[in-house]
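Reader: Could you take me through this one, giving the reasoning behind each label? I'd like to see values set against their cut-offs.
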Amino acid sequence: MLAPGSARTVGGFCGSGSTSPSKPAAIVLVPSQLLEKREMRTRMRFLADVCCLRPLVSWERYVLVGSFLAASVALLAEPIVPELFGHGKGMDYLQWFSAGQRMLRGGPTYLVAEGHLGFLYTPFAALLMAIPSYFGKTALVVTLACGTLASWWIAICLANRLAGNGDRLSPWSVALPVVVTLPFVYDQFHLGQPNLFLLTLMLGGFLLLRADRGWLAGLPFAAAAAIKAFPVMIVPYLLWRRQWRTAASMAAFMMLFLVVLPGTIRGFERNLNELDFWVHEMLLSGDDREFAQRADTFSWKNQSLYAVEHRLLRPVDAESITDRKSPPLYVNLLNLDYRTVNKIYWATAIVIGLIFVAALPAYSRRSPRSDAAEWGILLLLIVIATPLVRSYYYIWLLFPYTVLAHRLASEPDRRLARATIAAIGFSVVLLISGINVIQPRYPQAAGNFVWAAIVVALILAVHMRRDALPSKG
């Protein structure tokens, strides 16, 4: 390696390698800056390979990676700057830190204040927070922020790898899913939520399934479900697709994460009691006013199919809990009672599941392209079927939008391309209608995020059927 500003002497008279006073040597300058540029190009090629960006030309890769780095700096600053130079970062970061501190001190995982739990996640999730919490709240905030950033990068890479088919990409097909879901990414940093990390785990499991590593695929699925329960809804899909090894390994790893690891550290009896308490309070309790320890279960903030059906089918004030200064907001089309709406919800969920199963290509007709669309639909169904869904859960749209962008970039059928553009545009309009500045909040009360997810799922189903292999018969 040359020192900065140095030069190398190459060759001599007639290339002999010797120098002579009467025959000046040929001087070729190789500045250190040139070597640095070569190293930078090597790194960029590596990143392009990881994220399947190699089909893009050089300047396009530079623009995309540079834009990502600029956004990363701004997003990292959101939680870290207030923590370092302000009054400290609150939101769920404080909840994570408190749970980690209680783990370190041998205290209870769950504290009840005013009839509600202060920590809403599993004992395993609290155990994970004990390590960064040991070094203080600032260390935890920095660790979680950097982990979220790494999850975002890995999720983008995995999404492009799973959705890609080796065709020539355009910059917008890579950038579009990232730009559309950027507000949800901001929420992960602002609130300290792990949903982006959960998406990364799910995509990692899909990649292992594609590589026929069924036993290993259960590990990321189980980790996601052990941190935040709702990813466990992938189990019926694994059983239907006869992914027996993955389902079995997922069950085994969930036992490891939820029972063995916390029990080894805190005692098995104590851990089982806390786990039973969490299951009862978070998953099995609820009435016509609240569910899963949330007083605003049926408000506009809950963007699940369950909550949307209750708001549309019975008189529920979507503003009663979240904003008492606002006038009552009702969007119900019918005046049914709580139990009847619950039955309708379960019937709707079963029908949607059966439609999804009926639309799936036969096992022998699956292809990498159809699998990508299939998994995109699966992620959306898991989200909307979860009874309690905040808007930031829809960061999982990153993968479905990536699949659609890749298909659109190489779609030969103009009618399908136009339908895909229309579906993407309509879904984005629905998402934008949920901006809080729009008052009154009729779009959110009517479930704008749920309907956006359904629109994306429907167009993905069309691509899934089209990309399936032809029948052998």
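Author: Happy to start with contacts, meaning heavy atoms within 4.5 Å. Of the contacts in the protein chain with a separation of 6 or more, 70% join residues 24 or more positions apart. This is a predicted model, in which local features need pLDDT of at least 70, side-chain atom pairs count only at pLDDT 80 or more, and totals for chains, interfaces and linings use all residues. Residues are numbered from 1 along each chain as its sequence is written, and side-chain values use heavy atoms, leaving out hydrogens and water.

Reader: Why is Asp371 called buried?

Author: Buried means under 20% relative accessible area, exposed over 50% and partly exposed in between (1.4 Å probe, protein chains only). Asp371 has 9% relative accessibility, so Asp371 counts as buried. Asp371 touches Arg210 and Arg366, not counting residues up to four places away in sequence.

Reader: What makes helix 15 mostly covered?

Author: Helices are DSSP runs (H or I, at least four residues), numbered from the N terminus. Helix 15 spans residues 368–385, Asp371 included, and 15 of its 18 residues are buried.

Reader: How do you know that the reach of helix 15 is close to the expected one?

Author: The expected span is 1.5 Å times one less than the number of residues. For helix 15, with 18 residues, 26 Å is expected, and its first and last C-alpha are 26 Å apart.

Reader: Which residues have the most contacts inside the largest nonpolar core?

Author: They are Leu203, Phe206, Ile234, Tyr394 and Trp396, in a core of 122 residues. Helix 5 (residues 137–163) gives the most to this core, with twelve residues. Such a core is a set of buried Ala, Val, Leu, Ile, Met, Phe, Trp, Tyr and Cys residues joined through side-chain atoms within 4.5 Å.

How values were computed. Helices (H or I, at least four residues) and strands (E, at least two) are DSSP runs, numbered from the N terminus.
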